[in-house]
Amino acid sequence: MREGNECNCKGEVNPEVGDLVGLLFAFSGKAPGMLKTPSMSLQARPSGVITLGESTVKIVPKKFKVHSLTGRINPELMRQAFKAVKKNRGAAGLDKMSIKMFEDNLEQNLDALMRDLKSRSYKPIPLKRVYIPKGGGKVRPLGIPAVRCRVAQEVIRRLISPIFERQFHDNSYGFRPGRNCHMAVRKVLQYLDDGYRVVLDADIKAFFDNISHKLIMACVAAEIADGNILGLIEKFLKSGVMEDGVLKPTTKGTPQGGVISPLLANIVLNYLDWQLHANGVKFVRYADDFVITCKTLPQAEKALDLVKDILEKDLELELSPEKTKIVRLWDGFEFLGFYISHRTTRMRPKSQEKFKMKIRTLTKRSHNLDAEVITKLNRVIRGTVNYFAPPFATVIAQFKRLDAWIRKRIRCMKYKRISRADNKRMKIKHIRRLGLLSCWDLCLAVKER
């Protein structure tokens with residue numbers, strides 16, 4: 001297969017890729033009608049298909065599937081899964097058992113969980129519903145699994161991830177080993193430098209809440225024949241969620257907060273990736289957030305029609321009309337927290353405001369300025385700069401302004417007022433002696449790595 005997302009004029013895809021997670025159509029020069037274009041839906045309805053509403057998605061038969069994954073569940077895998085869950089931290093679930101409480105009786109808990117997973121007696125604990133702010137007065141619903149369920153999901157994720165990982169598209173960067181947000185942004189910048197300067201900035205509406213369980217299971221079953229593993233995944237999906245004391249069933253979607261959710265999302269959206277690839281579209285995707293780069297506005301409009309057609313007719317999903325738009329490079333667009341234009345790649349305004357809100361929370365004038373405050377501020381500053389100061393970013397001037405603003409907050413906290421006279425009472429060198437990190441200095445250090 002050609003590198004990146006280039007394809008030949010016939011729309012051929014290398015058959016050695018297999019069935020592309022069981023969802024990609026077998027494009028070939030002999031069957032050009034199977035190639036999906038913006039103005040046509042699928043022409044053939046062969047045997048071995050699943051129907052979602054009015055859409056039909058072909059599941060390509062696979063001669064060999066993966067069997068006996070259950071036999072690979074052993075004490076070592078259980079310990080590795082727990083270590084990964086512990087590293088990610090996270091709150092307790094509905095059973096109120098924290099990671100520390102689970103660890104206090106670790107061997108017995110892991111042994112009991114391993115027996116349940118292998119004997120088909122595992123019963124998931126319903127998710128705990130929490131809401132986090134997402135800006136603009138909106139909130140994002142999360143489903144928090146119990147620690148025991150997070151370990152179980154991590155076990156299954158480690159078993160099936162290698163099977164699907166080799167089939168994912170090169171331009172998919174979300175929640176994959178050895179890939180990150182910076183690589184996705186760098187790929188977008190590469191396309192922009194190559195002359196693809198009209199951008200379709202796309203976002204799938206409530207993606208994690210609306211994925212069809214039937215489609216997820218069909219995708220996984222196309223590669224895996226272990227009935228126990230398939231049953232466990234279905235149990236994860238249908239575990240239910242407890243909200244305001246009421247247990248609500250989960251009939252669609254995969255919970256944000258679930259360990260296995262990102263992998264299942266990538267498995268489903270891999271179909272979209274390869275459809276775009278077959279149409280010669282230059283795209284970069286990170287989970288449900290993706291951009292398509294084109295050379296002309298008509299090309300971008302055709303790409304938008306194509307994406308809508310694939311999502312709505314094949315995957316029963318839709319684009320968010322508020323977040324999906326076509327822009328030219330000089331107008332700028334946002335992707336993964338960055339604002340990208342022909343002049344700059346920097347923190348987007350929303351990301352900068354989130355950073356400021358964290359600083360405001362830590363520097364209230366009603367609190368005292370002490371070493372603990374400085375430690376917490378440094379943690380926020382270090383994390384923000386490490387993410388927003390990669391070599392391709394132009395954020396030095398932005399961080400200089402943020403440094404001045406943080407120093408102002410420190411002085412207000414120290415003297416319980418806002419006054420320019422305090423600039424002389426507490427100079428920059430005095431603030432540095434407290435141990436406060438400078439965004440600008442840290443930015444230069446990160447860029448020199």
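Modeller: Helices here are DSSP runs of H or I with at least four residues, numbered from the N terminus. This is a predicted model, with residues numbered from 1 along each chain as its sequence is written. Local features need pLDDT of at least 70, side-chain atom pairs count only at pLDDT 80 or more, totals for chains, interfaces and linings use all residues, and side-chain values use heavy atoms, with hydrogens and water left out.

Colleague: Okay, let's start with α9. How far does helix α9 reach from its first C-alpha to its last?

Modeller: α9 runs over residues 261-278, so count 18 residues. The expected span is 1.5 Å times one less than the number of residues, and α9 comes close to its expected 26 Å. End to end, α9 reaches 26 Å.

Colleague: Where is the kink in α9 centred?

Modeller: The kink in α9 is about 35°. That bend is the angle between axes fitted to the seven residues ending at a residue and the seven starting there.

Colleague: How many residues of α9 are buried?

Modeller: Buried means under 20% relative accessible area and exposed over 50% (1.4 Å probe, protein chains only). The helix is largely enclosed by the rest of the structure, because the number of buried residues is 18 of the 18.

Colleague: And which residue just after α9 takes a positive phi?

Modeller: Its phi is about 70°. The residue is glycine 280.

Colleague: Which residue's side chain does glutamate 154 join through a polar contact?

Modeller: Glutamate 154 sits in helix α4, residues 147-165, and is buried at 5% relative accessible area. In an α-helix there are 3.6 residues a turn, so residues three or four places apart point the same way. A polar contact is a pair of N or O atoms within 3.5 Å, one able to donate a hydrogen and the other to accept it; neighbours in sequence count only through side-chain atoms. At 2.7 Å, the partner of glutamate 154 is arginine 158.

Colleague: Is lysine 96 buried or exposed?

Modeller: Lysine 96 is in the loop between α1 (75-88) and α2 (99-104). Its phi is near 65°, a positive value in a residue other than glycine. Most residues other than glycine have a negative phi. With 66% relative accessibility, lysine 96 counts as exposed.

Colleague: What is the phi of phenylalanine 175?

Modeller: Look in the loop between α4 and α5 (181-193) for phenylalanine 175. The residue is not a glycine, yet its phi is positive, near 55°.

Definitions and conventions. Helix = DSSP H or I, 4+ residues; strand = E, 2+ residues; numbered from the N terminus.
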